[in-house]
Amino acid sequence: AVTQGAEVFLIKALQDAGGGKWFQPVERVGLDDLIKERQLIRNQRETYEGQNAKQLAPMLVAGIMLQGGVVGYDSNVGQGGIGARFLGIDGNTQYRTDEVSVIIRLVSVHTGEVLLSSGASKTIYSVNTSANVLKFIDAGTKALEFEAGATINEPTTYAVRIAIEAAVVDLVKQGVNKKLWEYAPLSEEELAKQANRKKAN
């Protein structure tokens with residue numbers, strides 16, 4: 001029901017957090033491909049440059065790991081609608097809601113301890129609107145019928161991305177509350193900007 005590549009949304013959310021200054025993600029999803037490529041580079045250098053071949057820079061290692069996933073997709077959580085008919089003219093709107101849930105865990109690489117756990121859910125809306133007209137013309141001997149409708153379904157991929165971003169935000173807030181990290185103090189320039197905004201309001 002949902003994307004199988006949710007980790008790309010998590011990596012993007014981590015890269016964007018704090019203007020790209022809070023997290024430094026390292027590649028682990030495609031680790032096998034990365035190691036094979038590095039091995040290929042080493043072999044090529046040794047073949048053509050000999051024993052004096054330039055060494056590859058060491059790979060970054062992580063101090064914490066983020067684990068988890070999309071833990072639930074509940075379809076048809078709620079539904080309803082409204083409509084009216086008058087003199088052969090009617091219109092109605094129907095809606096349905098689904099819900100996707102994600103869980104993220106922050107794990108210490110050194111101890112294996114689960115430091116934080118965060119979850120978020122996003123409601124997915126589907127709306128159908130239609131209109132119908134039924135009229136008899138020519139002294140009631142001929143029928144005129146008209147029907148139109150439209151359905152809008154919120155993309156599940158978008159819902160997964162929003163839920164993951166919300167879980168990352170909650171993770172950051174939990175980390176501050178538990179003193180795992182803290183916000184950097186604002187610079188004088190940023191403080192001046194905030195003061196100017198307050199004056200303008």
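View 1. Leu34 sits in helix α2 (residues 31-49). Helices (H or I, at least four residues) and strands (E, at least two) are DSSP runs, numbered from the N terminus. Leu34 counts as partly exposed because its relative accessibility is 30%. The cut-offs are these: buried is under 20% relative accessible area, exposed is over 50%, and partly exposed is in between (1.4 Å probe, protein chains only).

A quick word on what you're looking at: this is a predicted model, where local features need pLDDT of at least 70 and side-chain atom pairs count only at pLDDT 80 or more, while totals for chains, interfaces and linings use all residues. Residues are numbered from 1 along each chain as its sequence is written, and side-chain values use heavy atoms, with hydrogens and water left out.

View 2. A salt bridge here means a side-chain nitrogen of Lys or Arg within 4 Å of a carboxyl oxygen of Asp or Glu, and the count comes to six. One of them links Glu165 with Arg161, with 3.1 Å between the closest N and O atoms. Glu165 and Arg161 are four residues apart in helix α3 (residues 156-177), so about one helical turn separates them. In helix α4 (residues 188-200), Glu189 and Lys193 are also four residues apart, about one turn. Glu189 and Lys193 form a salt bridge too, their closest N and O atoms being 3.8 Å apart. Why does this spacing work for facing partners? An α-helix has 3.6 residues a turn, so residues three or four places apart point the same way.

**View 3. Arg96 meets Asp98.** These two side chains form a salt bridge at 3.0 Å, N to O. Is Asp98 buried or exposed? Asp98 counts as buried, because its relative accessibility is 5%. Arg96, at 33%, counts as partly exposed.

**View 4. The buried side of helix α1.** In α1 (residues 6-16), the buried residues are Ala6, Phe9, Leu10, Ala13 and Leu14. Looking down the axis of α1, these buried residues fall within an arc of 135 degrees, so they line one face of the helix. That arc is taken from the directions from the helix axis to the C-beta atoms. The buried residues of α1 pack against β1 (64-86), β2 (89-108) and α3, where contact means heavy atoms within 4.5 Å. After α1 comes Gly18, with a positive phi near 60 degrees.

View 5. β1 and β2 run antiparallel, joined by 19 bridges. Strands pair if DSSP finds at least two bridges between them. Gly81 stands opposite Gln94 in β2. Two residues lie between the strands of this hairpin, and Leu87 in the turn has a positive phi of about 50 degrees.

**View 6. Phe136 in strand β3.** Phe136 belongs to β3 (residues 114-137). With a relative accessible area of 58%, Phe136 is exposed. Leaving out residues up to four places away in sequence, Phe136 touches Lys142 and Ala143.
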